[in-house]
Structures are given as C-alpha cells and as structure tokens.
Amino acid sequence: MAPLAMAPTPVTGLSILSTVLVDVALIIVVTKLLGRLVRGLGQPPVIGEIIGGILLGPSLLGWMWPGSQAVLFAPPVLEQLNLLSQLGLILFMFLIGMELNPEHLRGRIPLATRVSLVGVLLPLALGILLAQGFEIWAPELLPGQNHLAGSLFMGTAMAITAFPVLARILRDRQLLKQPLGQLVITCAAVDDLLAWVLLATVVSFSRSGSLTGALPSLAFTSLWAAVLLLGLRPLMGWLERHYRRERQLAPLVLALVFAGAILSAVITEQTGVHYIFGAFLFGLALPRYGPLLRRLQLHLEEIVLTLLLPIFFAVSGLRTSVGAIHGLNLWLALGAVLTVAIAGKFGGTWAMGRIGGLPPREAEALGWLMNTRGLTE
C-alpha cells in the first residue's frame, strides 16, 4: 500500500502530498494579498490571513464551488496542513518567548496577575449566566444532561484570550518590545494558562463530576517551568558563552535549540495544558543576550512568518462556516455571545488597568487587545 501522502485523492487524482503543496501555495498567495489589503485599511495583516482562510473555506469558496472542499481540502489533506500549521505555531510562540524582556515587566507582574485574574473571572461568570439564559430561551444550544458542565464550557469560552493571535498583532504593530506590549503579552500568558487549567477542570468535571482533575496538569506545568527557567540556567549560559566566543551558531547548536523548543512543547502538551506554553517557556528561558536572540530570530522569522504561520490562521478559517448560522434565534444568540465575550473581557481588564495606574488610553488598549479570540473556544 502506498504511503498516505502519496495516495491519490478521490477527486483530483493528485497525490495527497501534491494537493497539500498546491494548497500551501494557494494559502500563501491569498493570505498575503489579503494581509496587504487590510494593512492598507489600518488593520494588522493577521486579520487578512484569517479572512483568507474563511474565504477559502465553506463560507465562500465552498458556497460558490460546493465540490472545492473535496478537491482541495479533503480530510487527509487537512490533516497534513494542520500538522504544518501546528509546527509553525510552536516555532512562532518560541519566537515570542525570546522577545519577551523581563526588564520591561519590573514592578508590573502584580498588575499583570490582577488583570489576568479579573479578565478571566468576570467573563467566566457572565458566560455561565448567559448559558443559564440559553437553557430557558434556546435549550438546543446546550444539549446533554449535565447542564452545569455546559454552562462551565460556555463561561470558559468567554474567558479565553487567543495568545497566538494577540502575539501576531503585537508583532505586526511593532508593540511587542514596547512596555505596553510586554504587559499585554504577559497578561495573555497568565490568562491563557489559567484558561487551560480551567478548561482541564471543566473537562474533568464533565467526565467524572470532580473538580480536582486539573491539579496534576497545573503542578507538572509549574514544575517544567521551574526546570526551564531555573534548573537549565547553566546550560543556557553555555549557549551565550558559545555565541560570544564563536560569533555564530554552529548547525548542531542551532538544531539543539530548535529541538529543545519542540520537545518542550511536547512536554507541556503531555501535562494536559497546551504545547504553545512549552515553546513559549523555552524561548523565555534563553539568555537575554541581544545578538544571540537576533541571530535566532533571523533563522526563524522568514520561514515561520511567511510560510508556516499563515497556514495556521488559514486552517482556522477553513474550519469556519458562516452559513451554519441561520434563523433569527441563532443570530440573536450570536449577538448575545459576542456582547458577553467582548464586554466581559474588556470591562475586567480595562478596570484593573485603570485601578493599577495605567493611563486611560493604555487601559483601553489593554482591554481591546485582550479580546483576541481563536480556536480554543
């Protein structure tokens, strides 16, 4: 039997590998064209990349050409695209971890923690209340016997900030190295970690009725963070000394760094949190030596930002079907979800930013930036 990647797709006769390559070329061109278009409208290019994925999916291309999904994006092809997209996301979060400068956060960690806590708890509570309302008004939206679990899932979805989308926006806007950008990305990291633990708790509760299922995930992730940021410090110091001495990174050393980021992602995935945290933590653990970090960025940026990451955002759009929302009740439900999600996240983070001493404009920016959403929901 031929390997999966070489097997022909049922419609085109092309091998799955050939179809994947055609899709990659199509995604890169479409997303970059739309990225340039939205940039001209004052929006971050990542918005164009997401829109490009939606247009290539069932919402437009699938509507205009119903057989396009079978031709271009058959399930085996999507599996391969998803693998490429996840690799791009891992390397991108490794880049973001490298660019986070702890010096910019000196004295702001307590503020970031408070913002994250309120930014999770307020939309969580509002989401649970919204779910309770759906039970009365539109019970078909929360199927199953365990309505409490359904309410907790709804609340968790309202509480999550899309870390990769936010990081890309900050990077495109050149805010990532600014104090506000550093504060926002730290808030999002804490927020997302809390949200993943919350999600693990809700999943555990929905399966067993116990709220303690997430404790091992939190404990193991915390232990791995301590190993990376403290235990491996001597090894990371060797990396800096090697670069200062050689003024370059040998291919083997470069391979070990990238392999470390990927394996760190695997470890946090196995703990039950999410692989992006492993890659992010590994980047954060690297020495804060500017020339070394810039060299690593040069090796990664072009391939990740031009090729792999657009595939991730496009795959997100390919899974979106606007046509699935039909009827007045569903559109009203969509409006209610958007209102609760945006108001809850903005209100909590903006209020804590103002209480923490941020100027009004920065507090507003914090509230809007923490409102990015993604696939976790």
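Author: Let's start in helix α8, which covers residues 163-172 and holds both Asp172 and Arg168, 4 residues apart, or about one turn of the helix. Helices here are DSSP runs of H or I with at least four residues, and strands are runs of E with at least two, numbered from the N terminus. An α-helix has 3.6 residues a turn, so residues three or four places apart point the same way. The side chains of Asp172 and Arg168 meet in a salt bridge, at 3.3 Å from N to O. That term stands for a side-chain nitrogen of Lys or Arg within 4 Å of a carboxyl oxygen of Asp or Glu.

Before going on, a word on the model: it is predicted, local features need pLDDT of at least 70, side-chain atom pairs count only at pLDDT 80 or more, and totals for chains, interfaces and linings use all residues. Residues are numbered from 1 along each chain as its sequence is written, and side-chain values use heavy atoms, with hydrogens and water left out.

How covered are the two partners? Arg168 is buried, at 4% relative accessibility, while Asp172 is partly exposed, with a relative accessible area of 23%. Buried means under 20% relative accessible area, exposed over 50%, and partly exposed in between, using a 1.4 Å probe and protein chains only.

The side chain of Arg171 meets that of Glu301 in a salt bridge, at 2.2 Å from N to O. Arg171 is buried, with a relative accessible area of 18%, and Glu301 is partly exposed at 21%.

For another example, turn to Arg245 and Glu246, whose closest N and O atoms are 3.4 Å apart in their salt bridge. Here Arg245 is exposed, with a relative accessible area of 52%, and Glu246 is partly exposed at 39%. Side chains of opposite charge can pair when their charged atoms come close. The structure holds 7 salt bridges, and the ones described here include the Asp172 and Arg168 pair where we began.
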